[in-house]
Amino acid sequence: MLQTVGKFIINYPSIIILVFLISLGAFISPVFFTSRNFVNILWSVSVLGIIAVGQTVLLITGNFDMSVAYIVGLSGITTVMLQINGANLITSVAGGLAAGVIIGFLNGLIIIRTNANAFLVTLGTSALVYSINLILTQSKTWYAQIDAFLILGRGKFYGTIHYSVIIFLTMAIFVQIILRRTIFGRSLYIIGHNPKAAKYSGIQVNRLKFGVYLFCGFCAGLAGLVMTARTGSTVANAGVGLEFDSLIVSVLGGTSLFGGKGGTIRTIIGILILGVISNLLILLNIQYEAQQIAKGVVFLTVVCADGILEKKRRSS
Amino acid sequence: MSESSPLLWMKGITKVFPGVRALYQVDFQLEEGEVRALVGENGAGKSTLIKILSGVYQPTEGEIFLNGKKTVIDHPSDARKMGIAPVHQEVNLEPYLSVAENIFLDRQPTNRFGLIDYKKMEVDASFWLDQMGISINPGMPLGMVSIAEKQMVAIAQAVSLDAKIIVFDEPTSSLTQKEAENLFTVIRKLREKKIGIIYISHRLEEIFRICTTLTVMRDGQVTGNEKIENVTTEDIIRMMVGRELKDMFHRKRCYVGDPVLEIKGLSVKGILNDIDLVLHKGEILGLSGLVGSGRTELARAIFGDLPYQKGEILLNGEKINVHHPSESIQNGIALIPEDRKEIGLVLKQSVMKNISVTVLKKFLKFGFVDEKKERKFASEYIRQLAIKTPSPDQEAQFLSGGNQQRIVIAKWLATNPKVLIIDEPTRGIDVGAKSEIHELLDQLACKGMAILMISSELPEILTMSDRVAVMYQGRICEIVYRKDFSEEVIVSFATGQKIRPLQKDVVVC
């Protein structure tokens, strides 16, 4: 019995953290345990969540995308610029999404063709995308022109929860089903464990990896749209920091940085943990600097724990 | 035997891991200049015993005496200081450093400025290599030398460290016949130096050639200590498995039919040269040759993992073009690779997922994998191939070598292949499981599968093959027919001592 519990904790430690944090929150703040606050928490993490869905899938294959943060900026800027130049809603949104997919395409192409380190390649594209953002915006803030577009970020489904939350949760659940139940998804795990064995089992490793980079670019692009629609405006560095956050929440949920293990439902848990922590820090009126410290500590803890657990799984 | 105490005496060693007793009351002795074979099936406790000797594990009970003195070996570095040197299966050396640097790792000679004196180091390295009769350029980066030479470097390192006991763990598993001969010569030299040698191997014929004494283990206990001249292969096998085994495996040899796979003029730049080969229905064609002769590369080219520049591959008389293993699967070609753990399997995935990976399409229902069907299918193969696993969900890494190999075989049989290429079918697999895999291959051939079997083990090649294609430097230098089978003939072609223009390939079975 004790062993089953122990095994459960090793496999799903994140749920316990979440339950603990929620109980802690209910205990220390009267405002915390209200439906309004929960809706707010979900809304605040939905942009990150959409990115993290793409990032999680990449992590499962043993890959990374550090350029998602500036893709968020690029897609927002593209959409707003298109609107300013008279494009309609659909064209401008499609343009923003396309921008994300193009960067994903670039990342995938470079990594597969050159076999270079994914982490560093995407850091490189990240710098390039940022400079494109700076050039396009001339380092100024630009405003969205079409009111209907703002619904994507601010609108609520029959006044209950935000559309962006619904998009995030639907994507996470949908992707989880694809990961677990389709040949495509199953193949991604094999690639993450052992790309060579995957190839020798007849899996088109490069093709699938490429597809996942496209998907991650698409997610980041979509997140950029949601973020822009929420604030109604955009700047060159709109998404800064989201690349690290998307890694934190994925790993926090239990997706491994070593590939082959994880899922997007886990990522929802990871996201909620991060959301609850920052919500509590705000409710407790803790300064921004301290919030950053908390984030840093969480990030390090999670990455170390992932390393230690990986070692345990290996030796067990 | 002298009256003085033995070089090594491990007395009453018991080792308990959580839930498992790996060793129980093991007594193990080694004299100076003795070459003691340590044999036993996988899981018999050989590696645990060696790990205790080399300081990786501590015994739960028991004592170790070196030259009669009670000793505690706390750490691998202790073992090294005491002169115990393991030469591992996968040699742990630095590929980017030179041979000399590897020999003098962390004790390089320095000049008066405290900098490494490379000249002296290379001279010293040559000294030790020469002593062993090994000819390797000490300045060469280790990554550029062959596996056999790496092993020699590890031996030179041990000798230069004044080792008293050297442990060889499956030293010949990646060596060709000729390289193994070299190793045996070196081992004889080590004996002259009064070094005690522990020799772990699954290859019994080797043990008879090189060892003086023998210790057999089974289920964590010693089941026999014998002088080598007093035992036969059957004795050893009986002590290992506790049951009589019928000699080596005898093939049924059924009907050999029409050509299935024809290879014409296949060339890969710098690796394969104008390969012609025909593989028939129901036939096991052995592919022999030294490591590096192009055997594995030929398999990869047929499987679509290695692009070829010239030549063609015909399957049932039709030309096929394979650029990726996924296309080979559709064509009915399967490859069971040599490196089971890294390429054949996904160790961290379940037995079920490993078996079903090649045929997931079969279980699709509205685009989703039906796990019930998948489980049923995998369980059927687990039963058919007698894979010993507590459940289909057990991760493959926890199974023994023989069972892992069966998973890989199952995974490919599931695709219903016409052509099965199997590279080193029984490497690192214990004797009992070995003949079971041989039997399985025989059955498959009888059912009409065309099998191309690559192997470095001559007995395996000779007992299993209908014909043997021998490769030398990227060419097929000879096809040997059953009536001409002998180790000498194959070795002489494989080592390039005998080259004959290739006669046209005809079947006589």
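Beyond its neighbours within four places in sequence, A:Ala223 is in contact with A:Val47, A:Ile50, A:Ile51 and A:Val72. The model is predicted.

A:Ala223 belongs to the largest nonpolar core, which has 154 residues. A:Ile51 and A:Val72 are also among the residues with the most contacts inside this core. From chain B, B:Ile421, B:Ile451 and B:Val470 are in that group too. Helix α3 (residues 35-60) of chain A gives the most to this core, with 14 residues. Domain 2 (246-332 + 419-509) and domain 3 (339-416) of chain B both give residues, so the core lies between them. A second, separate core has 74 residues and includes B:Val99, B:Leu142, B:Leu190 and B:Ile207. In soluble globular proteins, nonpolar side chains tend to be buried together.

## Where the chains meet

The contact takes 15 residues from chain A and 20 residues from chain B. On the side of chain A that touches chain B, α9 (183-193) and α10 (195-200) each supply at least two residues. This side of chain A divides into four nonpolar, seven polar and four charged residues.

## Domains of chain B

Chain B is divided into domain 1 (8-241), domain 2 (246-332 + 419-509) and domain 3 (339-416). The centres of domain 1 and domain 3 of chain B, taken over C-alpha atoms, are separated by 36 Å.

## Helix α13 of chain B

Helix α13 of chain B covers residues 371-384. At 1.5 Å a residue, its 14 residues should span 20 Å, and the end C-alpha atoms are 20 Å apart, which agrees.

The buried residues of α13(B) are B:Glu374, B:Phe377, B:Ala378, B:Tyr381 and B:Ile382. They lie on the same side of α13(B), because they cover an arc of only 140° around the axis. Their packing partners are α12 (351-356), β18 (368-369) and α14 (401-413) of chain B. On the other side of α13(B), the exposed residues are B:Lys372, B:Lys376, B:Arg383 and B:Gln384. Just after α13(B), B:Ala386 takes a positive phi of about 50°.

## B:Phe65 in strand β4

B:Phe65 sits in strand β4 (residues 61-66) of chain B. B:Phe65 has 16 other C-beta atoms within 10 Å, so it is partly exposed. Neighbours within four places in sequence aside, B:Phe65 is in contact with B:Ser5, B:Trp9, B:Lys11, B:Lys70 and B:Thr71. B:Ile134 is 69 residues from B:Phe65 along the chain, and their C-alpha atoms are separated by 33 Å.

Notes:
Residues are numbered from 1 along each chain as its sequence is written. Chains are lettered from A and ligands numbered from 1 in the order in which they are written. This is a predicted model: local features need pLDDT of at least 70, side-chain atom pairs count only at pLDDT 80 or more; totals for chains, interfaces and linings use all residues. Helices (H or I, at least four residues) and strands (E, at least two) are DSSP runs, numbered from the N terminus. A residue is buried if 20 or more other C-beta atoms lie within 10 Å of its own, exposed if 12 or fewer, and partly exposed in between; C-beta atoms are placed from the backbone. Two residues are in contact if their C-beta atoms, placed from the backbone, lie within 7 Å. Ala, Val, Leu, Ile, Met, Phe, Trp, Tyr, Cys and Pro count as nonpolar, Asp, Glu, Lys and Arg as charged, and the others, Gly among them, as polar. Domain bounds come from an automatic or database domain assignment. A nonpolar core is a set of buried Ala, Val, Leu, Ile, Met, Phe, Trp, Tyr and Cys residues joined through C-beta atoms within 7 Å. The expected span of a helix is 1.5 Å times one less than its number of residues. The arc is that of the directions from the helix axis to the C-beta atoms.
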